[in-house]
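Have the 3D view open as you read.

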Amino acid sequence: MGSFVKDSFYSFKVNKDFWLQLLVEGLAFAFIIFMIIGFGELLEMKAFEISQGQSVDQLKSVLLAGSADYNQVFLSNVKGFALLLTLGIVAVFLASVFIYSYAQAHIWHSLMGKKFSWNVMKKWIGMTFIVLLLCAVFVLFYFLTQVVMLFFPLDEGSALVVDRIITFLFVYGFVFVIPFLYYFFAHTGLVWKGIGDFFSYVNKKKMVFIKGYIFAVFVGVLIALVSSVIRASFQASFRALTAGLPLIMMIILLLWYFSWLRNYVYTVLAKMN
């Protein structure tokens, strides 16, 4: 117990490497966000060009009154927009996966003192797809719990509380598992071997895993409370400047939490392997 507590508090120790990891992950998410925003702006511009700023009802009237040639051109433009939308979504998704994978590869190689090589990028991209698959599994289980809750009649207030608790536990559970998966993958260099080692670790170190999860949830709740206090203070003092502050603050705190959680998991696991 003493060792666990010591490891837990040691994880709050930050150094140059911690801030570098935070910067790398922050830049990765910034690139992904700007890419998504840019693609959205492009779609909005193309949609405006096709519709000429007209509403749906106005477009219906124009198409009904328009010539066959005009309607053919309009249909061609719509097909082009649909193609742009489809290819754009695929391109943005794949680019996001690559950027996120590169950031994780760089961070974990640095954390473990290993030299990064482009030859391992395929495996890191594969690991990212595994994480996405795991996310889908978590979402599926979450919706299954929602279905099960329908068989337990609760008043509106109780149902809301139970729903919040379930959502909270699922989100933190998913976030907590991610750095474990990346740790074991980075440690072995093999995707499925790393996943197998993770489940073996959970089986052998159940109490450590559970205590670590509880501590991670505690820190997350603490950060959320601090965020609420700071946000309220900003809103009271700088009303005219608070339009984007809550979102910016949430992103910064999330990135800090992810970096701390990675450091925490690595600190606990490194002493046991």
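1. Which residues line the largest cavity? They are Phe176, Phe180, Tyr201, Val208, Phe209, Gly212, Tyr264, Val265 and Val268. Please keep in mind that this is a predicted model.

2. To place that cavity in the fold, look for helix H6 (156–188), helix H8 (206–237) and helix H9 (245–270), the elements that give two or more residues to its lining. By class, the lining has eight nonpolar residues and one polar residue, with no charged residues.

3. As for its volume, the largest cavity holds about 50 Å³ of space. A search of the whole structure turns up one cavity of 30 Å³ or more.

4. Next, turn to the largest pocket, which has a volume of about 670 Å³. Its lining is made of 28 residues, and the closest to the pocket's centre are Phe29, Tyr100, Val131, Phe174 and Ile178. Those five are a handy place to start in the viewer.

5. Which elements give two or more residues to the lining of this pocket? They are helix H2 (16–51), helix H4 (68–111), helix H5 (121–149), H6 and H9. The largest share comes from H6, with eight residues.

6. By class, the lining of the largest pocket has 22 nonpolar, four polar and two charged residues. The lining of the largest cavity, by contrast, has no charged residues.

7. One last thing to look at is H6, which gives two or more residues to the lining of the largest cavity and eight to that of the largest pocket.

Notes
Residues numbered from 1 in each chain as written. Predicted model: local features only at pLDDT ≥ 70, side-chain atom pairs only at ≥ 80, totals over all residues. Heavy atoms only, no water. 1 Å grid on protein atoms, 1.4 Å probe; cavity = no way out; pocket = protein on both sides within 12 Å on 5 of 7 lines; lining within 4 Å. Points joined across faces, edges and corners; volume = space filled by probe spheres on them. Helix = DSSP H or I, 4+ residues; strand = E, 2+ residues; numbered from the N terminus. Nonpolar A, V, L, I, M, F, W, Y, C, P; charged D, E, K, R; others polar.
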